[in-house]
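Please look through the sequence and the model below before reading on. The paragraphs after it are meant to be read with the structure open.

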Amino acid sequence: MNNLEFHDKFVDRHIGPNNDDIKKMLGVIGVSNLDELIEKTVPSSIKLKSKLDLDEPETEFDFMKRLQVLASQNKVFKNYIGLGYHPTITPGVIRRNILENPGWYTQYTPYQAEISQGRLEALLNFQTMIMDLTGMQIANASLLDEATAAAEAMTMLFALRKGNKKNADIFFVSEEVFPQTIDVLKTRSAPLGIELRIGNHNNVELSDDIFGMLVQYPACDGEVYDYTELFKRAEEKGIYKAAAADLLSLALLTPPGEFGADVVVGSAQRFGVPMGYGGPHAAYFATKDEYKRQMPGRIIGISIDSRGKRALRMALQTREQHIKREHATSNICTAQVLLAIMAAMYGVYHGQKGIKAIAGRVHNLTSLLEHKLAVLGIKQINTHYFDTIKIELNNSAEVDRVKQLAIENKINFRYIDSSVIGISLSEQDTLNDVEEIVKIFAAALNKSYSAKSNSKELKTKIQENLQRKSEYLTHPVFNSYYSETEMLRYIKKLEKKDLSLTTSMIPLGSCTMKLNAATEIFGITYPEFAELHPFAPEVQAAGYHKFFEELEDSLAKITGFDSVSLQPNSGAQGEYTGLMVIRAYHHSRGEKNRNVILIPSSAHGTNPASAVLAGNKVVVVKCDDRGNIDTADLKAKAEQYKDSLSALMVTYPSTHGVFEESIIEVCEIIHKYGGQVYMDGANLNAQLGLTSPGIIGADVCHLNLHKTFAIPHGGGGPGMGPIAVAKHLSPFLPGHPVIGTGGENAIHAVSAAPWGSASILLISYAYIKMLGAEGLTNATKAAILNANYLKAKLEKEFPVLYAGKNGFVAHELIFDTRGFKTSANIEVDDIAKRLMDYGFHAPTVSFPVPGTLMVEPTESESLYELDRFAVALLSIKKEIEEIENGTLDKIDNPLKNAPHTAEEVIGDNWQHKYSRERAAFPNKDARENKFWPSVGRVNNAYGDRNLVCSCLPVSEYEEASA
């Protein structure tokens, strides 16, 4: 009768090792129990004195009931608000087989191209689609949202200044750009010394101090302007031109590339990606070929593999912030890969005919709506438009009556001012919806209306010279998959080329590729969460705001801070936001001179890049031989810059995988000299329940929800990077121009939507609710246990570069492979590629130390999987020994030629000095559960020398490479 509780607890499903496994692992490590391991790993000075004050954990079954209650508190109205967000229809085959498929959403960023060919092809499709629709020469593989993409355009164009524009510092922004975009531009421009000039593009004076401009196409309120003459005048003046364009409209409108744009940005949200109360969505960025080396974000390019076969990879990676560091012009570290893939597949699914038909139908319905309202005597202001009309009524009383009836009918319009209403139509709308809107206006204005009286042939409301004439989406990939059967098989064909967590562990250091449990994911596709417009009245999003409040409270308690902002929609955005909040704090105290950021040499490249973008100067602090911050050097530099010190950026545990004993002293040094401590939350997975940034002495911390709090990486996005801050920084948390949020002295917005990528916050909310305080703490302990187990299993063959004072590591560790270069001519990349033959994704290669492997197993991996990985590495070590003793050739060996494809192994032309069996099936496990890389080792240099970033016909590519 004692068995009255659920035995099936989420924590037991989330943490890989069971109790018996833990005992075995502790024995290998050489400690008696888990608490002893933690005692010897985490400094006693920073340990929490009591457990986290969180709700008791819920079972998965109970959480699903909670989720349904929250969903019921949201009200899904028909949304005609526009402003860059539109209802859309996600094809079922895409929703089921990509958005809800762990084979896609648990992939990592495609740094290891040989086992990432599927998503690389999908992203190449995305780039091709964007280039075609915008009329530009090159596009990247997505950015975070439209507003930040516009900011990236501004920053890039600022960096491109030359000649008589070298000192120009004004960026002109049309007042008809989306308000959220303008607000983000205000945030980004100020610290860089860029002056925003916001005004009427119709009569702007193009003075010599303007270096660039941004317009909206169609404009914020729906008008389609012809920017040809404006752009021509700007070109003559040496001014760069950027346009933020609605992607669907470009199926009917002349693309900006054809009237002189240098950059085109926007959102791909309405290509099958739900609004999700603000995100996540894939932004796009397209530009001229001559700017490809300055373009932010990732670019997918075509290259060849070791056998001359076509292969894809991320191109021009020397552009990335982790290499350029403080010299970077962008801190972009990720993208919105999963959402870009969905948008690309939407293009593949519908093709050119379908996209044009959808756009045409939306435009025709809008035109019909205008006509029907005109019959009622209602004035419509826009002369030319695509999907948005602007209704002018006589007074605010009429607007109020329309609004009341609209709400009664569960409809949201955009109320522009006291007499003007905006109505934006979408793919979801039908003739019945048009009739419903007209009836609301008729009733509100006491007009008689008969649907039968409105028969008239509709004319396009797009001016003749802006009607698109050029072709787009002509590549076979957009014209081949008409049936769902074929579409399903195409999606599955690409999925099978990629290694994800469905195949094996992904032991990437500093990436925390943990379990993304199915129950955590469910909520994002509930219509009550997916279909909400981010600018809908807050009363319609009560379920969202309920869990926002609870999530913010939990994150504040976990971090030991006062307040949280959920707005930053990536880790790099969180870094930038934290630094901008610190900047605002210093300015509020009259200390605008504080602009020096101290950063340890071991830091991730986004740290210095973010610091520079936030208007700071970077000063690097040395690390000692044990990988810790050199406190003497820190003191010296804090003293040297005491009058200008803004902050220290520190990762804890360190990027070297160690809990530094001096961390409290480090924070005290910074505070002594008037600075703030910014803690990078990349390694928070080793802190939860054991310590906290607040206890340690930090002032602000960003949280990678896509690492520590289980949001899946999606092949390189989405991510979320909320910040938690101490009380004195709370007033400066970011605000928003459309929906009020943030502190009383809020900085301008950092993301397009008030709560960033709101829908995926459900995942982290679920994670915390189902683990509770004890579960979160046990997960942290398990992460540390797993890392130290791998250390104990492998350190004799692969020396561990850094460890704490008692010889233990935190949640990740660095294996030193540099010696193999001398002894066997084996590089770290050879080991990484050979792991693919064993069915594993490589650990992080050459970061933070060149020539090393950084491994983070996470708490989710079982003893069985850890042993599989260890066996694979030990087997590779034996292969290296055979090279060292001459049994295997130094040039022609399984490591140098890895990875091996099925095509190569079964081909007739096998000429290697080792067997096919050894190449493909190096151990028993590989034979029983083989993952085949689809291409051989990719030639990166060839791809950069012959840059191709769109879907050319295969025959044309083969001719070019002959």
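Predicted model: local features only at pLDDT ≥ 70, side-chain atom pairs only at ≥ 80, totals over all residues.

Residues are numbered from 1 along each chain as its sequence is written, and side-chain values use heavy atoms, with hydrogens and water left out.

A mixed, open sheet is formed by 7 strands in the order S16-S22-S21-S20-S19-S17-S18; strands here are DSSP runs of E with at least two residues, helices are runs of H or I with at least four, and both are numbered from the N terminus, while two strands pair if DSSP finds at least two bridges between them. At its edges lie strand S16 (563-565) and strand S18 (617-621), each of which pairs on one side only. On average, and with direction ignored, neighbouring strands of this sheet are turned by 25 degrees against each other; the axes behind such angles are lines fitted to C-alpha atoms, for helices over the stretch in contact, and angles run from 0 to 180 degrees between N-to-C directions.

Another open sheet has 3 strands in the order S23-S25-S24, with antiparallel pairing, and its edge strands are strand S23 (813-816) and strand S24 (844-845). S23 pairs with strand S25 (residues 852-855) over 4 bridges, and the bridge partner of aspartate 816 is threonine 852 in S25. Helix H24 lies across S23 and S25, running at about 20 degrees to S23.

The whole structure holds 35 aromatic pairs, a term for rings of Phe, Tyr and Trp (its six-membered ring) whose centres lie within 6.5 Å, with planes under 30 degrees apart counted as stacked, over 60 as edge-to-face and the rest as tilted. The rings of phenylalanine 63 and tyrosine 765 have centres 6.0 Å apart and planes at 55 degrees, so this pair is tilted. Because phenylalanine 63 lies in helix H4 (residues 60-73) and tyrosine 765 in helix H24, the pair ties together parts that are 702 residues apart in sequence.

The spaces come next. On a 1 Å grid over the protein atoms alone, a cavity is a set of points where a 1.4 Å probe fits but cannot get out, and a pocket is an open set with protein on both sides within 12 Å along at least five of seven lines, lining residues being those with an atom within 4 Å of a point. The second largest pocket has a volume of about 730 Å³, volume being the space filled by probe spheres set on grid points that are joined across faces, edges and corners. Its lining has 31 residues, with Lys9, Val11, Asp12, Glu774 and Asn778 nearest its centre, and H24 supplies the largest share, 9 residues.

The structure holds 8 cavities of 30 Å³ or more. In the largest cavity lies about 230 Å³ of space, and among its 25 lining residues Gly84, His86, Phe178, Asp246 and Arg270 are the closest to the centre. The second largest cavity has a volume of about 200 Å³, and of its 19 lining residues the closest to the centre are Leu99, Pro280, Leu339, Ile524 and Ile760.

Proline 280 also marks a feature of the backbone: the peptide bond from glycine 279 to proline 280 is cis, with omega near 15 degrees, and proline 280 is found in the loop between strand S7 (263-267) and strand S8 (283-287). A cis peptide bond also joins phenylalanine 847 and proline 848, with omega about 0 degrees, and proline 848 lies in the loop between S24 and S25.

Technical notes
Contact = heavy atoms within 4.5 Å.
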